Amino acid sequence: MSATAPTPAPSPNDVKARKGGVPLVVLTAYTTPVARLVDAECDVVLVGDSVGMVLHGLPSTLGVTMEMMVLHGAAVRRGLTRALMVIDMPFGSYEESPAQAFRNARRLMAETGAAAVKLEGGVSMAETVAFLVARGVPVMGHVGLTPQAVNTLGGYKVQGRGADAERIAADAVAVADAGAFAVVLEKVPDGLARRITAEIAVPTIGIGASAGCDGQVLVVDDMLGLFTAFRPKFVKRYAELGAAAEAAIAGYAADVRARRFPAAEHVFADEAPVKGARK
Ligand code: KIV
């Protein structure tokens, strides 16, 4: 853990109060061991619905279910001791009505121990955000490129260039005014991200947005080089664990084929060692 990592665990209100301060550090996690790895350095750990693509090989996040989020959320909770845990509401679990959103947010929080939910959408979701917040569900917003809307957006394109900037800015303002404690800005131009960050009263968390945001989020498997199916421009690789794993697996396979593994130190003697004797 670095000397600068903040402790103890922030609440959604603490995160909100970090507006304009030291940038918030956010990573995804989907499993207990990865949650343990990211806990010390992150202010917020997001159980993203990206789990569907990253761990389950789905072509998009559309097939992610409540059951998947509950399973991964509970696993992440067991690995965290201090970071704030936020969990994504999957496609179809909140868009129908504020009541549907509350029912599913309650389930996610109760069954995983998450302190807050994240949902995608701007103006069209503002009423739902206000409904949840008024009933004790802290909400993180998500505007710009909203991957659950890939079919209406026509792909995973940058959002908010040119005249479209006003739409994205209005979305961010709407969810912030509705009570979101922070808003993810995904794949929006640098200038627009800075403008929104200046305009809204809660922290912006950028992904493919701007260093001027109040925080940054990446998918942990992307930045570790573990997810290699594709690599968005906004991903910086801090390690090449996928390549390291491939080399390790190739080494194991070669050792097995050459009978170099297991070696003497990995096998058991026919006689049990005498107690107290040196092994
Ligand atoms: O699902 C996810 O991982 C996300 C982040 C990339 C913001 O929504």
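A pocket, as the word is used here, is an open set of grid points with protein on both sides within 12 Å along at least five of seven lines, and a molecule sits in a pocket if more than half of its atoms lie within 2 Å of its grid points. In this predicted model, the space taken by the ligand is the second largest pocket.

**Ligand surroundings**
- The ligand is surrounded by T28, L46, G48, D49, S50, D88, K118, H142, I207 and V219, a shell that by class has three nonpolar, four polar and three charged residues.
- Oxygen atoms of the ligand lie 2.5 Å from an N or O atom in the side chain of S50, 3.1 Å from an N or O atom in the side chain of D88, and 2.8 Å from a polar side-chain atom of K118.
- Of the 260 Å² of accessible area that the ligand has on its own, the protein covers 94%.

**Second largest pocket**
- The second largest pocket holds about 470 Å³ of space, and among its 26 lining residues S50, P147, E186, I207 and V219 lie nearest its centre.
- The elements α3 (51–54) and β6 (182–186) each give two or more residues to this lining, which by class has 14 nonpolar, five polar and seven charged residues.

**Largest pocket**
- About 710 Å³ of space lies in the largest pocket, where Q216, V217, L218, F234 and K236 are the closest to the centre of the 26 residues that line it.
- Two or more residues of this lining come from each of β1 (24–28), α2 (32–39), β8 (215–218) and α10 (220–223).
- The lining of the largest pocket divides into 17 nonpolar, four polar and five charged residues.

Conventions
Residues numbered from 1 in each chain as written. Predicted model: local features only at pLDDT ≥ 70, side-chain atom pairs only at ≥ 80, totals over all residues. Heavy atoms only, no water. Near = heavy atom within 4 Å. Polar contact = N/O pair within 3.5 Å; in protein donor to acceptor, adjacent residues only side chain to side chain. Areas by Shrake-Rupley, 256 points an atom, 1.4 Å probe, with all protein chains shown as cover. 1 Å grid on protein atoms, 1.4 Å probe; cavity = no way out; pocket = protein on both sides within 12 Å on 5 of 7 lines; lining within 4 Å. Nonpolar A, V, L, I, M, F, W, Y, C, P; charged D, E, K, R; others polar. Points joined across faces, edges and corners; volume = space filled by probe spheres on them. Helix = DSSP H or I, 4+ residues; strand = E, 2+ residues; numbered from the N terminus.
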